[in-house]
Amino acid sequence: MQKMVIEGGYPLSGNISVSGAKNSVVALIPAALLANGVSVIENVPDIRDVYVMKDIAEELGAVVDYKKNENMLIINAAPARKTKVSEEKAGRARASYYFLGALLGRFGKATVPMPGGCNFGGRPIDLHIKGFETLGATVTEDEDVVVATTKDTLFGQEIYLDFPSVGATINIMLAACRAEGRTFIRNAACEPHIVDVANFLNAMGARITGAATGTIRIDGVDEMHGAVHSVIPDQIEAGTYMIAAAAVGKDVTVCNVIPRHMEFLTDKLIQMGVKVEEGGDSIRVSACENPKAINFTTTPYPGFPTDLQPQMVTFLTVAKGESKVREGVWNNRFQYVDELKLLGADIFAEGQNATVHGVPFLTGAQVRATDLRAGAAMIIAGLMAKGKTVITELEHIDRGYEGIEEKLRAIGAHIQRIEE
Ligand code: UD1
C-alpha cells in the first residue's frame, strides 16, 4: 500500500506548472471516436483516468498510441467498430458515460454500464438519457447497463436541461454532432472544458456555436474527420495550487493557467486577505498573516466550483472567524470533514452546509483521501499542519493530479510517497 507522508509548516515558493485538464481530456478521448480517422490530442496529463479512457477506446477497436513523454495521444478511430463497453472498464471512471454519446452519434447504438468515479451521493444520468431520447434514441437501463439505440438516425431537437449538467451537456453535444438537423441545448453547462470539447469537435468537422453561453446550437453533419487539439490547462489543478499557495506560500507563481477561468477563486482569496496578481498565463499568490473567514456557495461555472470546495474549506480551517459554506451541486460532498477534524479542524457539516470556525493551527495526523478532490484537500492540510501527516487511499489522487508530489516538492514542500 502506498502512503503520502507530509512534514508540514514549510513555506512554498517558486513556479508550479499546471497540466492539461482532466475533465476535458476524459471527454476528448470519446469525442475522437466520432471521426473515421486519426486525431492527435496534445497537453494530455499523465493521470489514471486517461489510461482508463484509453483502454476503453482500445476495447472498442480504436488504435491508440500514448506518447507519454510528449503528453500526446494519437487516436486512430477508423478501425473502431464495437459499441459495447465492458463493465470492468466502465466501472473505473465516471467519464466512461461519454462513450454513450460518441457511439450513439457515430454508430447509432451504444451499451455502457453505469459509471464509477467519486461518490458524492446520487449521481443520476437522467438528463443525459432525456437528451438522447429527445434526439430520437431508444434508451433502456437494465441492471445498471445503459443501452441507447436509434433505428435510423438521430434528429436535431430543442433540449432543456433542468440543471446545467456538465456531463449531460457534453454527452448530448457528442450525439447531436451527427444528428440530422439542428439541436439546441438550453440551460447548458458553461464550464471551460465544455468550450474545449466544442472546439475539438468543430476542428473535427462539427458545427457547434454558443458553447459557454448557456445555449448551444449544433448543426448535425454527415461525416467527421480527425483533428489536432491541445487540452486547456486544468482549472481545478490550478485552483488547488492557488489555495495551497494562499495557505502556506511565501511567493508562488502558478503557471500555464487561464486567469479568466480562476476569477471566482481569485476574488475569494483577495477577500480573505491573500495577495493575488494575475499575469498573462500565470497567477502569483502570496499568503497573508491572518486570513479572514468568508462565506461561499458552490455553483456551476462561472460560480465557485464544487471541485475546489474541499481544498477551500481546508484553508478556511485556519481563517479567523466563522465561515459558512454551502455545497450547491452535490448532495453528499462533506465526507472528508471527518478527516480534517482528525487534524484539529473545527467544522460542523450537515447535509449541504458546513460551518467552519478558524483554529490557530492544524496538527498532523493519519487521514484518508476519501475521493479525488478530498485527497488534494488532505495534501493542503498536511502542508499547513504542524508535524507529520500521513495520507492513505492515494488511488483517488492519482486519478486526476499529474505528479502532484514532484510539483509541490519542487517549490519547497516536504512530501514523499512511501510503499508499505
Ligand atoms: C462533472 C465533473 C465533476 C464535477 C461536476 C460538477 C467531469 C468528468 N466531472 O461531473 O468533477 O464535480 O461536473 O462541476 O467533468 N445531475 C442530475 N441528472 C443528470 C446529471 C446530473 O440530476 O443526468 C445532477 C447531479 O446529481 C449533480 C449535478 O447535476 O447534482 C451536477 O452534475 P454534473 O454537472 O452532471 O456532474 P458530472 O458531469 O457528473
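Student: Why is aspartate 65 called partly exposed?

Tutor: The relative accessible area of aspartate 65 is 34%. Buried means under 20%, exposed means over 50%, and partly exposed lies in between (1.4 Å probe, protein chains only). The value of 34% falls between these limits, so aspartate 65 is partly exposed. This is a predicted model, in which local features need pLDDT of at least 70 and side-chain atom pairs count only at pLDDT 80 or more, while totals for chains, interfaces and linings use all residues. Residues are numbered from 1 along each chain as its sequence is written, and side-chain values use heavy atoms, with hydrogens and water left out.

Student: What makes the pair of aspartate 65 and lysine 67 a salt bridge?

Tutor: The closest N and O atoms of aspartate 65 and lysine 67 are 3.1 Å apart. A salt bridge requires a side-chain nitrogen of Lys or Arg within 4 Å of a carboxyl oxygen of Asp or Glu, and the pair is therefore counted as one. Lysine 67 is partly exposed, at 31%. By this rule the model has 23 salt bridges.

Student: How do you know that lysine 130 and aspartate 162 form a salt bridge?

Tutor: Their closest N and O atoms are 3.9 Å apart, and this meets the rule, because the limit is 4 Å. The pair links distant parts of the chain, 32 residues apart: lysine 130 is in helix H5 (residues 126–134), and aspartate 162 is in the loop between strand S9 (158–160) and helix H6 (166–176). Helices (H or I, at least four residues) and strands (E, at least two) are DSSP runs, numbered from the N terminus.

Student: What makes aspartate 55 and arginine 92 a link between distant parts of the chain?

Tutor: Their side chains meet in a salt bridge at 3.5 Å, N to O. The two residues are 37 residues apart, with aspartate 55 in helix H2 (residues 48–59) and arginine 92 in the loop between helix H3 (87–90) and helix H4 (98–107). Aspartate 55 is partly exposed at 23%, as is arginine 92 at 31%.

Student: Why is helix H10 called mostly covered?

Tutor: Of its 8 residues, 8 are buried. Among them are Gln309, Met312, Phe315 and Leu316.

Student: Where is asparagine 256, and what is its phi?

Tutor: Asparagine 256 is in the loop between strand S14 (249–255) and H9. Its phi is near 60 degrees, which is also positive in a residue other than glycine. Asparagine 256 is partly exposed, because its relative accessible area is 28%.

Student: Which peptide bond is cis?

Tutor: The bond joining tyrosine 301 and proline 302 is cis, with omega of about 15 degrees. Proline 302 lies in the loop between S17 and H10.
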